[in-house]
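Take a look at the structure below.

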Amino acid sequence: QVQLVESGGGLVQAGGSLRLSCAASGTFFVINNMGWFRQAPGKQRELVASITTNGSSNYADSVNGRFTISRDNAKNTVYLQMNSLTPEDTAVYYCDAHVILRARWYPSRYWGQGTQVTVSS
């Protein structure tokens, strides 16, 4: 089995920064794409950013220029650096990973448990 454990959430004032981490553990062959999603109360879960194995990244328009996604393949960890936070960024943030458990298998998708980010005005 694969587990994703997130950390780094918390309470921050508007204009502040936070760095989220998500570490994958377990037995697997390789991790393909990794990403961060968020879900605010009463809203659907939305993609924040994603990153491929070779570091190509993609961002939601609402965070482009403020958030930076990165990964350390040796540590099976993905990060989300969040700057210039606004109250609209308040949500539970989830990481996901597309994991190939055995060579030549199709990837399976795993989710972290979520970490709360609250931005006060």
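**A walk through the model**

Glu-46 is partly exposed, with a relative accessible area of 35%. Partly exposed means between the two cut-offs: buried is under 20% relative accessible area and exposed is over 50%, using a 1.4 Å probe and protein chains only. This is a predicted model, in which local features need pLDDT of at least 70 and side-chain atom pairs count only at pLDDT 80 or more, while totals for chains, interfaces and linings use all residues. Residues are numbered from 1 along each chain as its sequence is written, and side-chain values use heavy atoms, with hydrogens and water left out.

Start with the charges. Side chains of opposite charge can pair when their charged atoms come close. A salt bridge here is a side-chain nitrogen of Lys or Arg within 4 Å of a carboxyl oxygen of Asp or Glu. By this rule the model has 4 salt bridges. Glu-46 pairs with Arg-38, and their closest N and O atoms are 2.7 Å apart. Arg-38 is buried, at 7% relative accessible area. Arg-38 also forms a salt bridge with Asp-89, at 2.9 Å between the closest N and O atoms. Arg-38 lies in strand β4 and Asp-89 in the loop between β8 and β9, so this pair ties together parts that are 51 residues apart in sequence. Strands are DSSP runs of E with at least two residues, numbered from the N terminus; helices are runs of H or I with at least four.

Asp-89 is buried too, with a relative accessible area of 1%. Its side chain meets that of Arg-66 in a salt bridge of 2.8 Å, N to O. Arg-66 sits in the loop between β6 (57-59) and β7, so its pair with Asp-89 links parts 23 residues apart in sequence. Arg-66 counts as buried, at 18% relative accessibility. Which residues do the shared partners join into one network? They are Arg-38, Glu-46, Arg-66 and Asp-89.

Now the core. A nonpolar core is a set of buried Ala, Val, Leu, Ile, Met, Phe, Trp, Tyr and Cys residues joined through side-chain atoms within 4.5 Å. The largest one has 32 residues, and Trp-36, Leu-80, Met-82 and Tyr-93 touch the most other members. Strands that each supply at least two residues include β1 (2-7), β3 (18-26) and β11 (115-120). The largest share, 5 residues, comes from β9. Leu-80 has contacts (heavy atoms within 4.5 Å) beyond four places away in sequence, among them Leu-18, Val-48, Ile-69 and Tyr-93.

Next, the rings. Rings of Phe, Tyr and Trp (its six-membered ring) pair if their centres lie within 6.5 Å; planes under 30 degrees apart are stacked, over 60 edge-to-face, and the rest tilted. The whole structure holds 1 aromatic pair. Phe-37 and Trp-111 form it edge-to-face, with 5.0 Å centre to centre and 65° between the planes. Phe-37 is in strand β4 and Trp-111 in strand β10 (residues 108-111), so the pair ties together parts 74 residues apart in sequence. Phe-37 counts as buried, at 13% relative accessibility. Trp-111 is partly exposed, at 32%.

Finish with the backbone. Asn-76 has a phi near 50°, a positive value in a residue other than glycine. Asn-76 lies in the loop between β7 (67-72) and β8 (77-82). Ser-84 also has a positive phi, of about 50°. Ser-84 lies in the loop between β8 and β9 (91-100).
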